[in-house]
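Subject: Structure for your review

Dear colleague,

I am handing over the structure we spoke about, and below it I set out what was found. Please read the notes with the structure open beside them.

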Amino acid sequence: MPDHSTVAGVPVDTRHWIGGRRVASAATFTDHSPIDGRALAEIARGGQAEADAAVAAATAAFPAWAATPRTDRADLLHAIADGVEARLEELAAVETADNGALLRSHRRGVMPRVAHNFRFFADWLRTLGHPDFDTRGHRNRVSWDPAGPCVLITPWNAPLMLASWKLAPALAAGNTVVLKPAEWSPLTASLLADIAADAGLPPGVLNVVQGLGAEAGSALVAHPDVRRISFTGSVPTARRIAAAAADRLTPLSLELGGKSPLLVFADADLDLAVDLAVGQYDNAGQVCLAATRLLVESSVAEEFTRRFAERAAALVQGDPREEATDIGPTIHERQLEKIDGFVRRALDAGATAVLGGHRGDGQYYAPTLLTGVAQDSEIVQEEVFGPVLTLQTFTTEDEAVALANGTRFGLAATLATGDPERAERVTGRLSAGTVWVNCFFVRDLRAPFGGSRQSGVGREGGTWSFDFYCDVKNTVTAPKGWHDHG
Ligand code: ADP
């Protein structure tokens, strides 16, 4: 098997990165492009042996990295960010070929954000602290000790973005890591290993194991020497990971799915509300935060639907490498079948497709809006992870809140309203990790991010990330000469 594949003109190493060396596996799996189904690369397919080797490398590298002064660790993360910026065009092109998300978003939004993630946590580390305080003259000092080797398992919808969001605080904190990227989008993690090595990150501090979830992933999360597991993905996989972690009570950070609502009140700026709603087709709906349930006050529902259909019809679906494209393909044929299954069952149950409701050519799914859906139906309760929105109406604020909270998820909620008091009232009653009022997707790494209920466990961002990736310690020191006063 060749060690490299050239994707979008960029050579990508198809092997693991373990202990500062490229390591092949006897077995491989084929990585396809969602754009045209073309095979992009034969990727090393890791299992127990590679998981063991990577955790051993991370364990061996841990003491020296943990002892590296904070400022030196921060400088290295900035050097990684420099490397990401220097190779931004390549990373963007490879990511688009691999997961089919828009090239323009990767170039202008996502990849700059990857660099920013490294810089942000490097800088946050410099100021991480808690003021000392006294207890009857005894000084309390809180410190954040690195925890040890961490396993990071990431999904395919925003591969490098989500990997960097976990890697940056984990590494900044003084931990070593093993990253297992999703098998549907394994390429940019390999490029990141090159960038980190070029930046001077010592061998074993970052390891990348490629492979399938049920093989490489499950071997990593069950490994006894792992001190933290951070996972972004689906609820069923999270349950498996939590079960594997239960044996040693390995702390988990879980960022899972959602079925988030967009509440549109009659007092809202309707054009803004429509913009927010149409924006939910971003990344072909493959966004955990997407507000896929449109909840619209009855008195404006007809007008809202008319304007929505008009705006959505103008969206351009096609090759994600083209500047004019708004909606790209679905990641994989299996995902496409899953989406289509959800929509067919909803239509069979009596839903109406105001828009779409069927597959497009190739690996594309037509942007879809379904009405006539019941709150307890599958299409309203389950995460579709495709360009499929439902619309329900309400007449009172109580009803709106009940519908919004009426799933097992609680990742985010968006409100469109012209009444600040209503916004505050409703926000207080919503079960959601993030609430956006008259806006969407405004995110700041200083803010906590995560889900309530089955949308996740824990929060990421700022000090919350360090709380997870560290063993937080409180040291209590007696005043001088305390024994004299006994
Ligand atoms: P999807 O979002 O496609 O439903 P998952 O939540 O299963 O996918 O996948 C997200 C990540 O979890 C991927 O990197 C995948 O390889 C990994 N994964 C899947 N199953 C397991 C498992 N049993 N243990 C550890 N990781 C897994």
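Helices and strands here are DSSP runs, numbered from the N terminus, a helix having at least four residues and a strand at least two. Please also keep in mind that this is a predicted model.

With that numbering, Asn175 is found in the loop between helix 5 and strand 10 (177-180). Asn175 has a relative accessibility of 0% and therefore counts as buried, the cut-off for that word being under 20%. A polar atom of the Asn175 side chain lies 2.9 Å from the backbone nitrogen of Gly148. Leaving aside residues up to four places away in sequence, Asn175 touches Phe62, Trp65, Pro146, Ala147, Gly148, Cys150, Ala170, Val205 and Tyr469.

Turning to the domains, the protein chain is divided into domain 1 (4-256 + 453-474) and domain 2 (261-437), and their centres, taken over C-alpha atoms, are separated by 31 Å. To the contact between them, domain 1 brings 22 residues and domain 2 brings 30 residues. The size of an interface is often given as the accessible area lost when the parts come together; for domain 1 and domain 2 the buried area is about 2300 Å², with 53% of it on carbon and sulfur atoms.

As for polar interactions, the rule finds 2 salt bridges across the interface of domain 1 and domain 2, and 14 residue pairs in polar contact across that interface, both residues being at pLDDT 80 or more. On the side of domain 1 that touches domain 2, the elements that give two or more residues are helix 3 (88-99), helix 4 (103-127) and helix 8 (235-246). Arg108 forms a salt bridge with Glu323, and the closest N and O atoms of this pair are 2.5 Å apart.

Finally, the nonpolar cores. The largest of them has 78 residues, and those with the most contacts inside it are Ile80, Phe118, Leu167, Leu201 and Phe466. Helix 5 (residues 159-172) gives the most to this core, namely 10 residues. Because domain 1 (4-256 + 453-474) and domain 2 (261-437) both give residues to this core, it lies between them. Leu201, again not counting residues up to four places away in sequence, touches Trp65, Leu76, Ile80, Leu171, Ala196 and Leu206. There is also a second, separate core of 26 residues, which includes Ile18, Ala219, Ile229 and Val235.

With best regards

Methods:
Residues numbered from 1 in each chain as written. Predicted model: local features only at pLDDT ≥ 70, side-chain atom pairs only at ≥ 80, totals over all residues. Heavy atoms only, no water. Core = buried A, V, L, I, M, F, W, Y, C linked by side-chain atoms within 4.5 Å. Buried < 20%, exposed > 50% of the residue type's maximum accessible area, 1.4 Å probe, protein only. Domains from an automatic or database assignment. Contact = heavy atoms within 4.5 Å. Buried area = accessible area lost by both parts, 1.4 Å probe. Salt bridge = Lys/Arg side-chain N within 4 Å of Asp/Glu carboxyl O. Polar contact = N/O pair within 3.5 Å; in protein donor to acceptor, adjacent residues only side chain to side chain.
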